[in-house]
Amino acid sequence: MTLLVTEARPDPLASEIAVEQAHVDLVYARLGEATRSAQQVATAGRSLHSSDRESYVREEDGTRLYERDVFAFQSAKRLAVLDAEHEGLVFGRLDRTDGEVRYVGRIGVRDEDYEPLVIDWRAPAAEPFYRATPTQPMQVVRRRVLRCQGPTVVGIEDDLLDSENADGGLVVIGEGALMAALSRARGHQMRDIVATIQAEQDEAIRAPYQGFTLISGGPGTGKTVVGLHRAAYLLYSNRRRFESGGVLVVGPSRVFLNYIERVLPSLGEESVTLRSMGSVPSDVLAVTGERVDDAPTAAVKGSLRMLPVLKRLVLEPLADQPLELRVVVQGQVLVLRSGQLAGIRRDVLSHHKLNAGREAAEKALLNALWRSRPREVDMERDEFDDVVTSLASFTTFGHAWWPSVSATSALRRLSDPALAARLSEGSLERAEAELLSAGTADLDRLGPTVADAALLDELVHLLGPVPAPPEENETSLFLDADSEYAEIVTTADRLSVQREVDPFDLPHRTYAHVLIDEAQDVTPMQWRMLRRRGASASWTIVGDGAQSSWPDAAEADRALREIIGTAPVRRFRMSTNYRSPAEVFDLASRVVVEAYPEADLPTAVRSTGVEPLLAVAQDLRRDVVEQVRALLGQVDGTVGVVCPPSRRDTVLADLEGAALDGADRIAVVTSLESKGLEYDGVLVVTPDDVVAESPGGVRSLYVSLTRPTQRLVTLDEGRPGRWRPAGA
Ligand SMILES: Nc1ncnc2c1ncn2[C@@H]1O[C@H](COP(=O)(O)OP(=O)(O)OP(=O)(O)O)[C@@H](O)[C@H]1O
């Protein structure tokens with residue numbers, strides 16, 4: 001760290017830290033008081049409520065108690081999270097030209113006179129902390145970032161923004177907080193960037209919520225982290241709307257969610273729903289999709305051309321359906337033959353979803369039987385209906401002919417190659433239909449894939465929710481001595497069970513805001529699934545086309561445009577790569593532009609002076625271990641080993657077998673799994689195979705090459721790989 005001292009003092013850093021520590025102590029003391037008073041109020045409230053009628057608390061008094069102290073409760077809760085994370089509550093200070101000093105923190109805290117001790121980073125008054133620049137200082141003379149461990153100030157980084165208006169005694173310390181933050185070693189989870197958000201990022205974070213906000217930019221430009229800070233900002237600025245309506249954040253995989261899951265809690269927000277793409281339909285399905293299909297199968301399953309196939313699948317009668325209905329009324333045999341039954345089925349399904357159509361189907365059967373009755377049947381229509389519906393032959397037929405069908409059992413039918421081929425006619429090529437049936441064969445044994453999840457969601461939509469068995473509806477709302485429920489079940493819980501079987505109810509959970517990360521990989525079928533969760537939501541969509549794994553970019557674009565429709569759209573482009581050093585990014589960008597000239601290439605903000613090592617292995621398995629060992633010695637943080645899918649398990653086993661020092665810093669992933677993640681050191685194993693085995697080809701290799709924050713090593717087998725750009 002260099003010290004630029006504008007006025008001689010014995011130890012400027014120590015004395016500045018002491019000044020800041022005094023303020024931080026004041027904030028924590030105030031929060032401590034608030035927490036204690038909140039606890040007292042809670043205890044008092046509880047004892048009043050539980051005492052006799054004389055000291056009964058009127059409801060409005062209770063409400064006032066609640067409102068007054070909700071701040072304290074919330075602050076205490078957030079403080080507990082921050083303590084656990086060892087993150088500083090206060091991280092910034094602005095010295096303004098008018099002499100005012102503002103502190104910026106993860107939450108806002110006021111003193112007893114309601115004067116702000118710290119302002120929330122999302123408040124308008126904190127905006128200059130992120131937006132002020134030397135050319136547009138926004139009345140800020142000095143921006144200071146405080147580095148804290150819990151309540152202790154351990155470092156200071158300053159930016160002098162307006163030297164002309166700086167008071168002679170102003171001390172300016174450090175090289176700037178951003179570089180300090182970027183060169184810190186990475187752990188296995190993403191950290192928030194609240195202290196060092198850059199101006200172009202801040203604009204996207206604070207953009208209005210309405211319509212669609214599209215955030216694009218190359219690798220490492222902060223798209224993910226900006227999206228997450230935006231979610232926190234929206235909750236702050238429109239809490240009522242978004243806390244009650246819900247915010248859904250969707251990322252590509254569970255690994256990715258584990259990586260980002262700490263960011264929102266560290267910003268004090270815990271009410272956001274995080275879902276991997278395969279678990280989006282967990283509101284309507286008991287299973288989630290975690291496996292991935294091979295690239296060609298994933299491409300078929302993700303295409304919009306699956307839609308007609310699924311529609312036909314839903315209309316397709318079950319293989320073991322009864323072929324005719326035969327009932328005896330007043331000694332007369334009444335028969336409906338397969339042609340008539342098929343007509344009734346088509347007619348009912350044109351007005352009802354299959355799982356909601358049983359009643360209508362029975363009515364239609366009764367109508368058809370009534371019309372077909374011989375003259376000898378002598379009864380009124382009501383009596384006729386009563387007689388027929390009480391016949392075992394009629395009810396048994398109903399169960400067999402119109403059973404409820406679950407989405408999974410419907411999709412499973414496509415594993416029959418003949419059926420898949422027939423239903424795909426005119427929509428898929430023959431080879432694609434074969435991939436589809438082979439790709440659904442393991443549904444029962446291994447569970448659905450990520451791509452299956454969107455197909456299952458579509459099927460839930462087409463079939464309607466499966467009604468619960470009737471017994472469940474008839475159980476009493478109230479617990480009795482024989483109740484099988486061991487826990488307390490509230491009336492609301494029981495009513496919600498009833499709600500689930502309402503065939504007219506929309507089964508999907510919807511949200512007020514939907515944030516999609518790595519949007520370039522969202523398939524058209526997945527866009528349909530996502531749209532069901534945000535039919536009247538505002539959206540933030542984050543992605544980079546050059547990192548896409550989806551082969552048909554035009555089809556995915558059309559699907560997205562369809563979702564946007566005529567809604568307002570605002571676009572932000574992130575232009576700086578904060579992750580990879582210039583040396584690494586230069587190589588990666590040369591690789592991508594050869595195949596994808598329109599790639600949006602950001603400018604790397606850092607340089608380490610260390611060129612990537614492009615190695616050739618004679619003994620690949622041994623050399624992988626040796627290169628990882630070397631990287632563990634060269635970087636302090638994580639080491640990512642990015643493999644083609646076919647080599648992943650061997651590499652993992654070899655590294656486990658080697659039991660290297662620092663093994664807990666290693667992660668072995670496929671290029672698809674490495675989406676959105678980063679490691680201090682990265683080894684890309686056999687890049688040519690990464691290209692060959694990944695749906696995105698060279699674009700997937702580009703993703704792999706842009707994961708390092710410090711060092712990149714590639715390992716070809718036998719001879720230099722074809723992937724290398726000219727001159728590398
Ligand atoms: N303003 C900032 N201050 C400090 N670190 C930052 C800032 N912006 C981004 N970073 C860091 O840069 C890295 C890349 O950010 P992020 O993963 O959000 O980028 P991305 O654009 O989503 O990348 P990719 O497209 O490759 O997934 C992260 O470590 C993030 O914390």
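Two strands pair if DSSP finds at least two bridges between them. With that in hand, here are some close-up views of this predicted model.

**View 1. Strands S2 and S6 run antiparallel, joined by 5 bridges.** Strand S2 covers residues 90-96, and strand S6 covers residues 140-149. Across this pairing, Leu94 stands opposite Arg143 in S6.

**View 2. An open sheet of 6 strands has mixed pairing.** Read across the sheet, the order is S4-S5-S3-S2-S6-S7. Its edges are strand S4 (109-110) and strand S7 (152-160), each of which pairs on one side only.

**View 3. Val104 sits among its contacts.** Setting aside neighbours within four places in sequence, Val104 is in contact with Phe91, Gly92, Leu94, Val118, Ile119, Trp121, Ala126 and Phe129.

**View 4. The largest nonpolar core holds 112 residues.** The members that touch the most others are Val104, Ala231, Val247, Leu459 and Ile516. Helix H20 (residues 450-463) is the top contributor, giving 10 residues. Because domain 1 (14-48 + 62-84) and domain 2 (295-315 + 407-463) both give residues to this core, it lies between them. Another core, of 37 residues, lies apart from it and includes Val651, Ile666, Tyr679 and Leu705.

Conventions:
Residues are numbered from 1 along each chain as its sequence is written. This is a predicted model: local features need pLDDT of at least 70, side-chain atom pairs count only at pLDDT 80 or more; totals for chains, interfaces and linings use all residues. A nonpolar core is a set of buried Ala, Val, Leu, Ile, Met, Phe, Trp, Tyr and Cys residues joined through C-beta atoms within 7 Å. A residue is buried if 20 or more other C-beta atoms lie within 10 Å of its own, exposed if 12 or fewer, and partly exposed in between; C-beta atoms are placed from the backbone. Helices (H or I, at least four residues) and strands (E, at least two) are DSSP runs, numbered from the N terminus. Domain bounds come from an automatic or database domain assignment. Two residues are in contact if their C-beta atoms, placed from the backbone, lie within 7 Å.
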